[in-house]
Amino acid sequence: MTSLQLFFQQLANGLTLGAIYALIALGYTMVYGVIQLINFAHGEVFMVGAYGALSVILLCTAAHLPWPVVLLAAALGALLLCGGLGGVIERIAYRPIRRAPRLNALITAIGMSFFLQNALMLCYGATDRQFPSLIPSVRWDVGGLSFTGMQLLIWGSSAVLMAFLQVLVMSTKLGKAMRATSQDPVACALLGIPVDRIIAITFVIGSALGAIGGLLFGLYYGTINFHDGYLMGMKAFTAAVLGGIGNIPGAMIGGLVLGMLEGLGAGYLSSQWKNVFAFVALVALLLFKPTGLLAERVAERA
Amino acid sequence: MAVLLAVHRLTKHFGGVMALEAITLQIERGQTVGLIGPNGAGKTTLFNCITGVLRPDQGDIRFSRWLHPSGSQGQEVLDVEEETMLESLIGYSPDQIAQCGIARTFQNIRLFSSMSVLENVWVGTFARTHAGLWSAMMDTAEARREEQWAYERAMNLLELAELADYAYQQAGSLPFGLQKRLEIIRALATDPALLLLDEPAAGLNPVEKQTLLCWMERLKAQRLTILLIEHDMQVVMPVSDRVIVLDYGRKIAEGSPQAIQSDPRVIEAYLGVPKPMSGNRDCGL
């Protein structure tokens with residue numbers, strides 16, 4: 001393998017992981033956009049998505065369904081489960097303290113994160129769970145690089161979801177209401193927009209994207225553990241900050257950039273060091289461009 | 001005349017400060033009422049109570065929404081028993097109150113500054129479109145028709161305000177005077193029965209003030225009811241049918257613009273009368 005091939009191969013691997021980071025990062029950034037809360041429970045919602053998908057897959061494979069059906073069912077199951085969970089978390093944990101100082105909400109988020117993590121451990125056990133390899137292991141060699149079906153699935157599905165989200169936010173009524181809410185919820189309410197509902201919907205959509213991230217994560221790595229959500233959540237949060245938190249295209253780009261940095265770091269230095277690589281990148285960026293790659297606006301509300 | 005808004009003994013305090021003390025006032029449909037008073041008199045607090053941003057401690061706010069949103073037809077018929085048509089707004093959320101037909105602007109501009117001028121007005125029309133937010137996502141024929149309606153309505157309003165050329169610019173990039181104008185347009189997009197304007201002339205140059213006056217005359221001609229907070233007497237006096245004066249959270253005077261200008265209590269509140277126990281008040285004139 002030439003050095004150029006190694007470079008591109010690592011880049012491709014990094015992009016795969018980066019696409020998953022991006023999907024999770026969207027949840028952080030959307031919620032931050034509307035209520036300026038770092039929803040630390042989001043990493044766990046992602047994990048609930050992974051475990052929910054696992055349950056659906058186990059059920060469906062027991063019924064001997066063909067793999068595309070199983071995959072769709074798992075995606076749908078995880079989507080609904082996490083969407084609902086996101087809505088419920090917002091309603092019972094965050095809405096009652098929306099007017100409280102921001103630190104209270106942050107601590108509630110951390111508490112919610114612990115709660116979900118331990119609930120997962122109680123339900124599914126503390127040991128690694130095997131994720132069935134659903135996707136037929138096909139592999140293409142193009143110009144000395146090799147791509148797996150799994151990678152294509154991850155790229156394809158995350159590209160579709162991100163395009164869908166972009167259209168939703170930029171050109172639908174809901175999206176306009178979401179952007180307006182993120183800029184000034186009070187002015188928005190005074191124009192007759194049900195701000196509480198917009199915030200709840202934002203949680204639902206963000207969580208549902210995280211769920212798909214969870215499914216893809218499980219399929220990609222083959223095993224999942226209840227505390228994987230913590231590190232993945234941290235990474236995705238890093239990605240959101242890299243791109244400029246609150247900024248949706250920023251989260252997408254941040255995720256991909258972080259994934260590529262890790263891929264290259266793992267390829268050229270050591271895969272043991274890839275986390276160090278990711279967080280050093282974050283520190284460096286925050287030193288030189290504290291608002292992130294794409295941030296156009298820092299919350300300037302009084 | 002039919003009463004559109006009736007405020008009864010409205011009281012609000014912040015800690016020990018009486019922001020509003022048993023305020024009672026009525027606004028008839030089609031009237032323009034000026035609300036004046038020195039800084040800190042409680043004018044904006046009153047707006048915040050009416051729009052549901054603040055919950056009053058005591059008192060009632062009643063609003064008549066029987067004509068809304070279809071316009072002015074049938075007004076004469078419904079003039080009978082108007083009192084029973086008033087509904088209390090207490091306990092409604094700001095978005096519900098806006099849906100009832102009350103819109104407002106802000107003392108310091110609160111546009112969605114990184115959205116386009118058109119989008120700002122568009123968001124205002126949401127109060128009058130019925131497709132749910134989810135169904136709007138599904139792109140049904142009904143939702144598409146509404147989107148088209150909302151777009152046209154927003155564009156019409158922008159043309160009326162001579163802002164159509166700026167439709168696709170970021171709202172935050174407009175000059176100050178145009179931002180103020182856009183904020184009024186955004187409020188009008190909700191198709192209100194009652195428009196609350198919080199210092200619309202503040203910071204405008206004389207030409208812009210003239211335009212604003214013209215505008216308000218036009219809105220009056222369309223029988224829109226307006227409650228106007230304004231310090232600039234050259235704006236308040238010509239457009240107002242009636243002027244209410246607040247000072248220290250109390251209503252100290254009410255009457256025609258001519259009567260108010262010569263009312264000794266008003267002059268005292270504004271200019272201060274040297275008294276042994278109190279210093280001069282901040283002068284709003």
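**Helix α1 of chain B and beyond**

Analyst: This is a predicted model. Just after α1(B), B:Gly52 has a positive phi of about 85°.

User: How many residues of α1(B) are buried?

Analyst: Helix α1 of chain B covers residues 43-50. A residue is called buried if 20 or more other C-beta atoms lie within 10 Å of its own. The buried residues of α1(B) include B:Lys43, B:Leu46, B:Phe47 and B:Ile50. The helix is mostly covered, and its buried count is 8 of 8.

User: Which residues of chain B make up domain 2?

Analyst: Chain B is divided into two parts, and domain 1 takes 1-101 + 192-285. The contact between the domains uses 10 residues from domain 1 of chain B and 10 residues from domain 2 of chain B. On the domain 1 side, the touching residues are 6 nonpolar, 3 polar and 1 charged. Domain 2 of chain B is 110-191.

User: Does the radius of gyration of chain A agree or disagree with that of a compact globule, and what is its value?

Analyst: Chain A has 11 helices and 4 strands, and its C-alpha atoms fill a box of roughly 60 × 50 × 35 Å along the principal axes. Because a compact globule of 302 residues would have a radius of gyration near 19 Å, the value for chain A agrees with it. That value is 19 Å.

User: What share of the contacts in chain A with a separation of 6 or more joins residues 24 or more positions apart?

Analyst: Buried residues make up 50% of the 302 residues in chain A. Two residues are in contact if their C-beta atoms lie within 7 Å. Of the contacts with a separation of 6 or more, the share from residues 24 or more positions apart is 77%.

User: Which residue in the turn between β2(A) and β3(A) has a positive phi?

Analyst: Strands β2 (residues 139-142) and β3 (residues 145-148) of chain A run antiparallel and are joined by 4 bridges. One bridge pairs A:Val142 with A:Leu145. The two strands form a hairpin with 2 residues between them, and the turn residue with a positive phi, about 55°, is A:Gly143.

User: Which helix gives the largest share of the side of chain A that touches chain B?

Analyst: In this contact, 22 residues of chain A meet 25 residues of chain B. Helices α6, α7 and α8 of chain A each supply at least two residues of the chain A side. By class, that side has 13 nonpolar, 3 polar and 6 charged residues. The largest share, 7 residues, comes from α6(A).

Technical notes: Residues are numbered from 1 along each chain as its sequence is written. Chains are lettered from A and ligands numbered from 1 in the order in which they are written. This is a predicted model: local features need pLDDT of at least 70, side-chain atom pairs count only at pLDDT 80 or more; totals for chains, interfaces and linings use all residues. The radius of gyration is taken over C-alpha atoms; the globule rule is 2.2 Å times the number of residues to the power 0.38. A residue is buried if 20 or more other C-beta atoms lie within 10 Å of its own, exposed if 12 or fewer, and partly exposed in between; C-beta atoms are placed from the backbone. Domain bounds come from an automatic or database domain assignment. Ala, Val, Leu, Ile, Met, Phe, Trp, Tyr, Cys and Pro count as nonpolar, Asp, Glu, Lys and Arg as charged, and the others, Gly among them, as polar. Two strands pair if DSSP finds at least two bridges between them.
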